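Here are a few notes from my pass through the model. Have it open as you read.

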Amino acid sequence: EYAGTIASAGQHLAAMLDDLADLEVVETPGFSTAKEPVDLADAATRAAGILGVRAHNRDTALVVEGERGTAVASAEFRRVLQILINLVGNAIAYAPASSTVTIAVSPAADNRVAVTVADEGPGVSPEQAARIFDKFERLGRDSDGGKGSGKDGGSGLGLYISRRLAEAMEGTLTVGSAPGGGALFTLELPVA
C-alpha cells in the first residue's frame with residue numbers, strides 16, 4: 001500500500017513537472033508546431049487506448065465515433081494527441097463513474113475538421129466556460145469545495161496549454177454543453 005502511494009505521488013509530481021515544461025514551451029515567443037497530415041480518428045483511437053485503463057478503473061466507456069480518413073487535419077500529431085489525452089482524461093475524471101465519454105470526429109465548416117469530447121458529467125456553466133482555459137484554473141476544486149470527482153490534484157494548466165497548442169496549429173479549442181448535459185470540448189483544425 002505504501003509503495004502504491006509513493007508511486008502515485010511520483011506520477012503526480014512527474015505530470016506537474018511536464019505541465020510546467022509545456023507551459024514554458026507554449027509561452028515562448030515564436031512557438032510553432034509542425035505541419036503534417038493528422039487523421040483525427042486515428043489520434044482519437046490512440047488517446048482512448050492510452051487512457052483505457054483509467055477509464056476501466058472508473059467503469060467508464062470510451063466510445064470513438066468517425067471513420068479513418070474522413071477528417072484529416074494539417075497539424076502536429078503529437079500535439080493533437082496531447083490535447084486529446086488532456087480532454088479525455090478530464091472527461092474521465094469529471095464524469096460520474098459508470099458513464100460514457102464520446103470522442104467524435106467529423107468534417108467542419110470553412111475547410112476545417114473537428115474532434116469533440118463529450119462526457120456525462122455536471123457540465124460547465126457559462127461562468128465556468130469564461131475562465132476554464134485560464135492558467136491555473138481548476139473548476140473541480142473551486143466550484144464545489146473540492147467535493148467533485150475532478151479533485152485529482154492537477155496543476156490547472158492542462159486546458160490552458162491545450163488551447164495554446166490548438167492556436168499554434170491555427171485551430172481553436174472551445175467548450176460548450178453536450179447533449180444530455182455534460183461538457184463538450186471541440187478542437188477544430190485546418191483540413192490537410
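Which charged end sits over the ring of Phe 133?

1. That would be Arg 163, whose charged end is 3.9 Å from the ring centre. The rule here is NZ of Lys or CZ of Arg within 6 Å of the ring centre and within 35 degrees of the ring normal.

2. A word on ground rules: this is a predicted model, where local features need pLDDT of at least 70 and side-chain atom pairs pLDDT 80 or more, while totals for chains, interfaces and linings use all residues. Numbering runs from 1 along each chain as its sequence is written, and side-chain values use heavy atoms, leaving out hydrogens and water.

3. Strands are DSSP E runs of at least two residues, helices H or I runs of at least four.

4. Have a look at Glu 76, in the loop between β3 (72–75) and α4 (77–94). Glu 76 is buried at 12% relative accessible area (buried is under 20%, exposed over 50%, partly exposed in between; 1.4 Å probe, protein chains only). A polar atom of its side chain lies 2.8 Å from the backbone nitrogen of Ala 34.

Definitions and conventions. Polar contact = N/O pair within 3.5 Å; in protein donor to acceptor, adjacent residues only side chain to side chain.
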